[in-house]
Amino acid sequence: MKKSIYPYDAWKIRESKFDIETNYRNETIFSLGNGYFGVRGTLEEGYSGPNGTSFNATYINGFYEIYDINYAEGGYGFPSYGEAMVNVADSKIVKLFVDDEPFDLLKGNLIEYERILDMKEGFTERKVVWETEKGKKLEITVKRLISFKRQHLGVIVFRFRPLNFSGKIKLISEVDGNIYYGNETDDMRVGNNMRGKVVNTIDSHIDGYMGWLMQATKRSKLKYICSVNHDVKTDCHYELKNYKSDDKIGFEFSIDAEKDKIFQLDKFVSYYTSRECLEDKLVDSSVHEVISAKSDGVNIIFKEQFDYLKEFWADADVEIDGDISMQQGIRYNEFQLLQSVSKNDIANICAKGLTGEGYEGHYFWDSDVYIMPFFLYTKPDIAKNFVMFRYNLLDAARKRAKELGYKGALYPWRTIDGPECSSYFPAGTAQYHINSDIVLAIKKYVDATLDYEFLYKYGAEIIFETARLWISIGAYIPLKNNKFCLNCVTGPDEYTALVDNNAYTNYMAQMNLEYAYFVAKEMAKKAPEYYDNIKEKIGLTDEELNEWNDAAQNMYLPYSGDFGIIPQDDSFLYKERLNAKDLESEKPLLLHRHYLNIYRYQICKQPDVLLLMYLRRELFSIDEIKRNYDYYEPITTHDSSLSPAIFSILANEIGYYDKAYEYFMMTARMDLDDYNGNVKDGIHTACMAGAWSAIISGFGGMMTYPDGLHFMPNIPKSWKSLSYNIRYKNCKMHVSITQEKASFSLIKGEMLKIHIYDEEITLLKGDKVEKEVKKVDRQKC
Ligand code: BGC
């Protein structure tokens, strides 16, 4: 277990010492956001530490600029441009000066320091006692909140109290849009395509306590506005002066500060963009936001935040009694997921949330396979945005398929607004499995919510168009017994690329094709009007349905009789096998080896066959999972943070309980304890959601089978109990598991059928069913 730098606490993350060493990573850990915009945990007053120990940023989800992708040797169909989420104006700036000496944690004398992130209340708070070089002492507290309820609003409450003097103090509040990109990095996982100034000011305004700055990108032609308003609470005399320059608006408060008297500045900020707001409404909307925030006041806004979170935790909380470090870890993960996920369907959830430049703010399959289930079973309304977001990208996916000479739709491996942004096709476009990952998310969504309207109006079109893609790229190969093969693809494991018949891809494509056939037949019967509309819109024929069915029935599904396992692909077992344990000093391999020196071996970055076994659990027996686990675990480096959660879940299934816990620990505290050493670049949202799945599917024992939810709970020996809620088919169920008993209560909805161990149970409203926890290795239901 890694040593934590934060004391264990069920609801709080606490930094009790300010340290240059940990500053960069704490900026990520203390990030705040609401899914629409997010701010790294950088300091209001600025930071004077060495270069490379801080990165200040504010992001708006889905607000991006376009850049050219320059290839030394290009090729047909290579994307010519990419999109990157950009850093926007810094609105949190509040600088304090005592006799012109700036408040700076690294200067003067820092007597007391504490910062907490409160996950129940939804804000960060810093409490500082600081002394100037000349011996003037102040108590300073800064609270920061990004409102969940008011998606465009953030609040800073900056308060100080002179402890041993009266005198002149200046507070400067600014919005600074002079953002300059200069950082270079060798880590290709960190976005590095933005250079110089990316957003430019097109207009600004300042008057008294209020002002705004409007900026635009050059190529994506997007605009955003940042407005601010201030409220002062004090008995001290002060004067306010405004100033403005090209990219900045400023408010200077000159205060006659008095010993022991509090001065409080409430700063309200709002962001709006032309992506969701008409351009001619930008000023009105954002100004209105900060005016009404000021008139409501900070108490109301903080109370709203608490109420919002109360509701969130009532649905999503996972309670672990007997393991405070895991309790803290899982809550932190859930909180960050909520902070990262878009609450509308024109944006989604970035691999790094809104906390860092890593992966350029792109949306990956992470969303559909790893993250959506967390929201689906806790906050299904949010999950709907995931599937609708994919529908909104369908035209772009159709365009991409056409460009590559295929029928149907090919979703981008990474994107913001639709185009493929991956410049490395072996670990990008070749990951065709993204198509079926999206379809699996839709299938799960429909099964869990019964939202057939979505399926008929939107989902079906995605399912049909992605099915077409498989027919385009696959073929019946004589030397494979005329089975339907998918050649030259890359599966989830990015340390193996461009292979024939990647098992994950083939099985998932089979699901995609089967489901397309099933949905088409069902719609023809149950929703003929919708079906006729789609048929006409996309020119669907009955022959195509038969093609889908034939391909699914005849899909080549790799199996090795010699090893009794599923080979990852046709060539995998013919490669030299490396042992992941021997490669510790080279981790992550992608930063230490040329890809050719990775692809040549049996070495995996993340689960591939094992992920398949989790996602299509109903197809595999415990023995099969065990054999495959034993085969693949020694050759997996877990260089992707998406890896440990799946190992934890399957280790639980096959009775490797210590391993299940070890992997769970890695995934649940990946960012808090910086397991991969790169939390400074942003959180790992897929890993965070994986931690939720590891606890619910692993220890909580909940698996989704085609006939519904199956439970086989079994919590770690050191835990007293685990409880969680699940939303499913318009019902809400509470599950509570101790070492001896598991109880299931239906707290909302009329009736729900579930399976506990092998037994089918019908829960009626208000029912509570209790079962002995079976201390045996799990068996397939
Ligand atoms: C993983 C991918 C993942 C991406 C973004 C990579 O390291 O291999 O599976 O989609 O990170 O999280």
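**Ligand shell and sheets of the predicted model**

A polar side-chain atom of Tyr359 sits 3.0 Å from an oxygen atom of the ligand, a polar contact here being a pair of N or O atoms within 3.5 Å; within protein, one atom must be able to donate a hydrogen and the other to accept it, and residues adjacent in sequence count only if both atoms are side-chain atoms. The model is a predicted one, so to speak of local features takes a pLDDT of at least 70 and side-chain atom pairs count only at pLDDT 80 or more, while totals for chains, interfaces and linings use all residues. Residues are numbered from 1 along each chain as its sequence is written, and side-chain values use heavy atoms, with hydrogens and water left out.

For Trp365, an N or O atom of the side chain is 2.9 Å from an oxygen atom of the ligand, and for Gln606 a polar side-chain atom lies 2.6 Å from a ligand oxygen. Taken alone, the ligand exposes 310 Å², and the protein buries 94% of that (accessible areas by the Shrake-Rupley method with a 1.4 Å probe; for residues, only the protein chains shown count as cover). The residues around the ligand (a heavy atom within 4 Å of it) include Ala351, Phe364, Asp366, Trp413, Glu494, Lys605, Ser640 and Leu642. Sorted by type, the shell holds six nonpolar, two polar and three charged residues; Ala, Val, Leu, Ile, Met, Phe, Trp, Tyr, Cys and Pro count as nonpolar, Asp, Glu, Lys and Arg as charged, and the others, Gly among them, as polar.

On to the sheets. Strands (E, at least two residues) and helices (H or I, at least four) are DSSP runs numbered from the N terminus, and two strands pair if DSSP finds at least two bridges between them.

Another open sheet has four strands, β26-β27-β31-β32, with mixed pairing. Here β26 (702–705) and β32 (759–764) stand at the edges with a single partner each, so one side of each lacks a neighbour in the sheet. β27 (708–711) and β31 (751–756) pair in the parallel sense over two bridges, and Phe711 has Ile756 of β31 as its bridge partner.

The peptide bond from Lys587 to Pro588 is cis, with omega near -10°, and Pro588 is in the loop between β24 and α13. Asn501 has a positive phi of about 55° although it is not a glycine, and Asn501 lies in the loop between β23 and α10.
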